[in-house]
Amino acid sequence: MKVKEPFVVAGPCSVESREQLFSIVESLQQLSKVSMIRCGVWKPRTRPGGFEGLGEEALQWMCELKSEERYKGVRFACEVARPEHIVLALKYGVQAVWIGARTTANPFMVQELAEALRGSEISVMVKNAPSPDVKLWMGAIERFLNEGITNVWAIHRGFDLYKNSGYRNAPLWEVPIELRRAMPEIPIICDPSHIAGRREPLQQLSQTALDLGFDGLMMEVHPQPSVALTDSYQQLHPDDFKLLLNSLVLRSTEDIVIDEELRLLRGQIDQIDDQLLHLLEERLSVSVKIADVKERSNMAVFQPKRWDWVLTQRLELASQLGLDSDFVKEIFEKIHAESVRTQQESIK
Ligand code: PEP
Ligand code: MN
């Protein structure tokens, strides 16, 4: 069975000193699976006053490092957020730049960055915007493609949600899966560090990403995570990162054997999905009849007591069936919202 090796980008959240940079490169170079070093040199901070990166000085250290024979092949990636950053990243010869989540959310700035990169052969890695809007992510990627950048990648770093997902940024895997479907030629790498916000879930998130067919991983690794100036809770020590990399199982995400049992089971899934869709259609047509009755009786479309009862009752049944309550709640909230929308439409 042939499976693709993931493209691994690893390194500190931020370059903090020359010593720290040389130390992390030395450790990561010993891991043959690391293809590129990530180094934040301009740090977007939510509030002013924190460590904002060392800028050009850090880029000079990268050049100095690469001038040493043993580090000649090292490739670097850094974040850029303004056209001036691009001028410097190109001047110091970094191999890749990434666009941070908050920059991707701003099409004006993305356009300026894309224009500043026109004609360059650098790789551009576009993080998703904080909101789970696949079109915003695609739009940013398109702006770089339109300027002739041929090596454009996507980075999935999770999404800000008002609900607590247990992570710093909720993974919402369906969003990168949709990006893959819409832009199959764009490689996607996963950034478990910024999804998790802490060290414990990193292994599981990395394995999930590979099982979903991601092309690589970007991980924050620091020689002394506990004293890191940024993101200290999520950075891994190189020894722990080595253990994580060695624990990952590479599986094929393409059908390698069309096994008879698999074919039959998929047939069952197709039939069940068919039934689900017919039932949804039937449910909505009953809902439209209800809208008529409500209109005749001068009742508002949304009836909070009835909705409360429906949800409680469905969740009770879900629990008896051993279904996850968050999953069922989300589905019924969507079904109910569609029902309310259809009823409102029908009485217009
Ligand atoms: C980072 O990669 O260090 C970073 C700031 O990430 P994001 O843009 O995903 O928040
Ligand atoms: Mn970080």
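Which residues does His194 touch, not counting residues up to four places away in sequence? His194 touches Arg38, Lys127, Arg157, Arg168, Asn169, Glu220, Asp231 and Gln234, where contact means heavy atoms within 4.5 Å.

## Basis of the model

This is a predicted model, in which local features need pLDDT of at least 70, side-chain atom pairs count only at pLDDT 80 or more, and totals for chains, interfaces and linings use all residues. Residues are numbered from 1 along each chain as its sequence is written, chains are lettered from A and ligands numbered from 1 in the order in which they are written, and side-chain values use heavy atoms, with hydrogens and water left out.

## The chain as a whole

The protein chain has 13 helices and eight strands. These elements are DSSP runs numbered from the N terminus: helices are H or I with at least four residues, and strands are E with at least two. The C-alpha trace spans about 80 × 50 × 40 Å along its principal axes.

Of the 348 residues, 44% count as buried. Buried means under 20% relative accessible area, exposed means over 50%, and partly exposed lies in between, using a 1.4 Å probe and protein chains only. Among contacts in the protein chain with a separation of 6 or more, 73% come from residues 24 or more positions apart.

His194 lies in helix α8, residues 192-196. With 9% relative accessibility, His194 counts as buried. The side chains of His194 and Gln234 are joined by a polar contact of 3.3 Å. A polar contact is a pair of N or O atoms within 3.5 Å; within protein, one must be able to donate a hydrogen and the other to accept it, and residues adjacent in sequence count only if both atoms are side-chain atoms.

Arg38, one of the residues touched by His194, is in strand β2, residues 34-38. Arg38 is buried, at a relative accessible area of 1%. Its side chain makes a polar contact of 3.3 Å with the side chain of Glu220.

## Around ligand 1

There are 13 residues around ligand 1, and Arg38, Lys43, Ala101, Lys127 and Arg157 come nearest. A residue is counted here if one of its heavy atoms lies within 4 Å of the molecule.

## Helices α12 and α13

Two packed helices are described by the angle between their axes and the distance between the axes. The axes of α12 (residues 304-320) and α13 (residues 325-347) come within 10 Å and cross at roughly 145°. The axes are lines fitted to C-alpha atoms, for helices over the stretch in contact, and angles run from 0 to 180 degrees between N-to-C directions.

On the α12 side the contact is made by Trp307, Leu311, Arg314, Leu315 and Ala318, and on the α13 side by Ser325, Val328, Lys329, Phe332, Glu333 and His336. By class, the contact has six nonpolar, two polar and three charged residues.

## Two loop residues with positive phi

Leu172 is in the loop between β6 (152-156) and α7 (174-182). Its phi is near 35°, a positive value in a residue other than glycine. Leu172 is partly exposed, with a relative accessible area of 21%.

Asn298 is in the loop between α11 (260-296) and α12. Phi of Asn298 is near 55°, also a positive value in a residue other than glycine. At 73% relative accessibility, Asn298 counts as exposed.

Note on methods. Ala, Val, Leu, Ile, Met, Phe, Trp, Tyr, Cys and Pro count as nonpolar, Asp, Glu, Lys and Arg as charged, and the others, Gly among them, as polar.
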